[in-house]
Amino acid sequence: MHYLKRRRNPQRNVVTWFQRTNQTAPSLLPEVPQGSHHRSHPMDPLASPAHGWFPAPPPPIYCCTLTPALVAKAREELQEKPEWRLRDVQALRDMILKEQPNLRTRLDDAFLLRFLRARKFDYDRALELLLNYHAGRKAWPEVFQDLKPSTVKHVLDLGFLSVLPHPDPSGRYILCLQPGKWKPNDYPFVDNVRALYLTLEKLIQPEDTQVNGIVILADYTGVGMSQASNPGPFLAKKVVSILQDGFPIRIKAVNIINEPRIFKGIFAIIKPFLKEKMAERYVLHGSDVRSLHRNIPPTVLPGQYGGSAAHLDMSAWSRMLLDCEEEFIVEFCQPDPLEGVVLPEDMLLEGEAGGGPEEDPFRAVRSQLYYCY
C-alpha cells in the first residue's frame, strides 16, 4: 500500500513516495547489562522513577501526551500534523534503515519524534541531526564514555547546574547554571559538560519540552579569570556544536545574570560559533533583577533572583538524575553506535583530529580577557 507524503521543507517543496510495509524494523536497542533486575526500554517508566514535579518519560509504545493547546502550537511552529505524525516517523525510520543500515540507534516513535520536531519535520534535516547526535559521541569520547549520573555526582553535589521546579508561563523548563561554583582545581571542565548533557537528555524526554523548548539561566557570580580561561575556544566550539547541531532540543533563550566585566571576553570566545538566531537569544542582565523578570517572571524564580518561588533545592535535580542511573546505562554505556558507519567528514565535529586539549587554544583570546579587567 502506498501513500503520498510531503517532506515539509518550505524551500524545496518536494513530494516523495514512500512504501509502507508490514516488515518490522529490527530491534537496535542495546540490552540492559546482565544482573539488572529489570530489563526495560530506555524510556520505560518502570526504569525511571517518577518525581512529582517533573514529567515521567513517555511509555514504550507511543501515545501522544500533548494537550490540545500544545498540539495547536506544534502545528503552527513545528509544522507537525497529528494526522501525519506516525507516518512522518515511519518515513524517517525508513530513511535510516535505507541510508544508514549499520547505525545502531533507537528507532522507536518517541525517540525519532524528538529529531523531527527539532527540525520542523524536515526529514533530511532530522536525519542529519540524528547522525550529528551520534557523531558527537564519537568525536568527544571524554564526554560520552561511561556517561551516567554516578560518574558526575561530584558536579551535581557542587551545584554547578540544576533545573527550576516550575516552568515559565510558556511551559519551558529553566536550566540554571552557576559556573562560578566550579574551580579548575576541583575537577576537569569536561565533567561539567557531561553533567550538562545528561541534564539535557532528561529534559528532552517529555513531549512538552520538545514543543516548548527550554530556557537557560546562567548566574556568573564568582566567575573569574581561572574559570574563563580554562575551557578555551577549542572546548567552547565543541559544546556549541553539540547544542546547536547535535542535540534535538530548542533553546529559546539564554539569560545571563551577574556577569562580570570578563564576560565580554568569554562571549568573544563563544559568539563566533553561534548561529545568528542563537546569538540573538542571549540576554545580558548584569545585576538588574528587574531586567531578568521581564524575561522570566518572578513567580518561578527563587528568592536569590528576586523571585517568590521556594528556595532552590540544588539536590532535587541531582536525585532525579541519580534515580535514573539504569536508564542512562542502557542509553550510553554500550558499544559505539557508529561502528561500521561511514559519515561525511564535514559531519564530524571540527577539531577532533588535532589541536588537542594539551595545546593552549586560549592563547589567541587571552588578551581580550585581560583587557576586560
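View 1. His-311 is exposed, with a relative accessible area of 68%. Exposed means over 50% relative accessible area, buried means under 20%, and partly exposed lies in between (1.4 Å probe, protein chains only). The model is predicted: local features need pLDDT of at least 70, side-chain atom pairs count only at pLDDT 80 or more, and totals for chains, interfaces and linings use all residues. Residues are numbered from 1 along each chain as its sequence is written, and side-chain values use heavy atoms, with hydrogens and water left out.

Where does His-311 lie? His-311 is in the loop between helix H13 (289-293) and H14. Helices (H or I, at least four residues) and strands (E, at least two) are DSSP runs, numbered from the N terminus. Leaving aside neighbours within four places in sequence, His-311 is in contact with Pro-302 and Gln-304. Contact means heavy atoms within 4.5 Å. His-311 and Leu-164 are 147 residues apart in sequence, yet 10.0 Å apart in space, C-alpha to C-alpha.

**View 2. The whole protein.** The protein has 16 helices and seven strands. Of its 373 residues, 54% are buried. The protein exposes about 17,500 Å², and carbon and sulfur atoms supply 53% of that area. Accessible areas come from the Shrake-Rupley method with a 1.4 Å probe; for residues, only the protein chains shown count as cover. Take the contacts with a separation of 6 or more: residues 24 or more positions apart account for 76% of them.

**View 3. His-134, a helix residue.** His-134 lies in helix H4. Is His-134 buried or exposed? His-134 is buried, with a relative accessible area of 3%. Thr-105 is 29 residues away from His-134 along the chain, and their C-alpha atoms are separated by 8.4 Å.

**View 4. Helices H2 and H4.** Two packed helices are described by the angle between their axes and the distance between the axes. The axes of H2 (residues 85-99) and H4 (residues 123-139) come within 10 Å and cross at roughly 55 degrees. That makes H2 oblique to H4. Axes are lines fitted to C-alpha atoms, for helices over the stretch in contact, and angles run from 0 to 180 degrees between N-to-C directions. Angles under 35 degrees count as roughly parallel, over 145 as roughly antiparallel, 65 to 115 as roughly perpendicular and the rest as oblique.

The crossing of H2 and H4 is right-handed. In a right-handed crossing the near helix is turned clockwise from the far one by less than a right angle; anticlockwise gives left-handed. H2 contributes Asp-88, Ala-91, Leu-92, Met-95, Ile-96 and Glu-99 to the contact, and H4 contributes Tyr-123, Asp-124, Ala-126, Leu-127 and Leu-130. These contact residues divide into eight nonpolar, no polar and three charged. Ala, Val, Leu, Ile, Met, Phe, Trp, Tyr, Cys and Pro count as nonpolar, Asp, Glu, Lys and Arg as charged, and the others, Gly among them, as polar.

**View 5. Helices H2 and H3.** The axes of H2 and H3 come within 10 Å and cross at roughly 90 degrees. The two helices are therefore roughly perpendicular to each other. In H2, Arg-85, Leu-86, Asp-88, Val-89, Leu-92, Arg-93 and Ile-96 meet Asp-109, Leu-112, Leu-113, Leu-116 and Arg-117 in H3. By class, the contact has seven nonpolar, no polar and five charged residues.

**View 6. Helices H7 and H14.** The axes of H7 and H14 come within 11 Å and cross at roughly 75 degrees. H7 and H14 are therefore roughly perpendicular to each other. Leu-198, Thr-199, Lys-202 and Leu-203 of H7 make the contact with Trp-317, Met-320 and Leu-321 of H14. Five of the residues in this contact are nonpolar, one is polar and one is charged.

**View 7. Two covered helices.** Helix H15 (residues 325-332) is mostly covered, with seven of its eight residues buried. Which helices do the buried residues of H15 pack against? They pack against H3 (109-118), H4, H5 (141-144), H7 (190-203) and H14 (314-322). Among the buried residues of H15 are Glu-325, Phe-328, Val-330 and Phe-332. Helix H11 (residues 263-270) is mostly covered too, with six of its eight residues buried. Phe-263, Gly-265 and Ile-266 are among them.

**View 8. Two loop residues with positive phi.** Phi of Gln-79 is near 60 degrees, a positive value in a residue other than glycine. Gln-79 sits in the loop between helix H1 (68-78) and H2. Gln-79 is partly exposed, with a relative accessible area of 36%. Asp-146 has a phi near 55 degrees, a positive value in a residue other than glycine. Asp-146 lies in the loop between H5 and helix H6 (153-158). Asp-146 is partly exposed, with a relative accessible area of 37%.
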